[in-house]
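Me: Could you take a close look at the aromatic pairs in this structure and walk me through them? I'd like one connected account, please.

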Amino acid sequence: AGADAVAVVDPDQRTVLRRLELPVEPWYLAATGDDRGFVGPLDPSEGTTIALDSVSGEQLHDFTGGGFSSRPVGEIESIGDSVVVIARSQYLYKFDITDRNEATLQFPAVEIDELDLTGRQMESSPDGAVFYVCGRQTASFVEVFRVLDLDMVVDLDTEQPSIYVAISPDGSEAYVASSMQMGAQTNTAATYVTGFSTSSYARKDQQLCLGSMPSTSLAFSPDGRKLYVVVDNPYRITDNPYGDLRQDLQILQLH
């Protein structure tokens with residue numbers, strides 16, 4: 001965002017392979033396995049979602065769905081090469097993206113009560129069967145939806161406002177990060193990381209990180225035994241006149 005481009009990066013060589021120039025400021029990105037990317041512009045007046053060829057840089061098409069509000073796209077999640085789900089305001093939209101030249105809205109938007117999805121996050125299970133939706137900070141649960149029909153499966157009660165969810169590499173566990181006091185600059189700020197079974201949705205355990213979680217910064221180690229969490233340390237940096245908070249990377253041992 002700000003550069004109006006998407007960068008394609010080789011993570012091994014640490015080089016930028018190409019830049020995909022855009023006519024708008026991109027805000028959210030989802031990639032498929034067939035070299036396509038889907039970008040949600042920050043400005044909704046410029047179109048809802050743009051489909052890109054990540055090899056040639058060609059803009060394939062853009063598309064919208066009925067009932068979109070004036071808000072920006074909240075989040076995009078691609079399921080394989082055939083489906084993309086978009087969260088916007090309080091609605092979910094499912095598009096068939098099998099055809100590279102167009103995206104087809106599969107059925108009317110699904111409204112989610114109590115969850116404002118703008119600027120929040122979705123995470124699909126490794127098999128693409130369900131996905132987890134985090135709502136705005138005033139909500140205290142994560143909703144799980146079947147990708148097939150966007151029917152809600154279950155609410156995961158987090159007790160605190162939800163920020164981010166990560167699925168373990170084997171798909172057996174979902175860990176949800178939620179902050180007790182967002183933006184706090186006192187030592188009461190804390191992030192709770194709660195584990196759930198993805199088969200029974202039963203709560204497994206809960207761990208505590210010092211500081212509030214500023215953004216979508218939660219990731220599993222490849223073996224699924226550690227969880228990495230980025231938090232704002234609740235203590236001000238004393239030598240900084242602006243009083244910025246220190247960011248810490250905290251590692252939780254899960255098994």
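Reply: Happy to! Let's start with Tyr 91, which is partly exposed, with a relative accessibility of 26%. Please keep in mind that this is a predicted model. Tyr 93, in contrast, is buried at 1% relative accessibility, since the cut-off for buried is under 20%. A search through the whole structure turns up six aromatic pairs, and Tyr 91 with Tyr 93 is one of them: their ring centres are 6.3 Å apart and the planes make an angle of 40 degrees, which is a tilted arrangement.

Another pair is formed by Tyr 175 and Phe 220, this time edge-to-face, with 5.8 Å from centre to centre and 70 degrees between the planes. Tyr 175 sits in strand E17 (residues 173-179) and Phe 220 in strand E20 (residues 218-220), so this pair ties together parts that are 45 residues apart in sequence. Both partners are buried: Tyr 175 has a relative accessible area of 1%, and Phe 220 has 16%. The value for Phe 220 falls under the 20% cut-off, so Phe 220 counts as buried.

There is also an aromatic cluster, made up of Phe 38, Phe 63 and Phe 95.

Of its 255 residues, 49% are buried. Among contacts between residues at least 6 apart in sequence, 39% join residues at least 24 apart. The accessible surface of the chain is about 12100 Å², and carbon and sulfur atoms account for 46% of that.

Technical notes:
Residues are numbered from 1 along each chain as its sequence is written. This is a predicted model: local features need pLDDT of at least 70, side-chain atom pairs count only at pLDDT 80 or more; totals for chains, interfaces and linings use all residues. Side-chain values use heavy atoms; hydrogens and water are left out. Buried means under 20% relative accessible area, exposed over 50%, partly exposed in between (1.4 Å probe, protein chains only). Contact means heavy atoms within 4.5 Å. Accessible areas come from the Shrake-Rupley method with a 1.4 Å probe; for residues, only the protein chains shown count as cover. Rings of Phe, Tyr and Trp (its six-membered ring) pair if their centres lie within 6.5 Å; planes under 30 degrees apart count as stacked, over 60 as edge-to-face and the rest as tilted. Helices (H or I, at least four residues) and strands (E, at least two) are DSSP runs, numbered from the N terminus.
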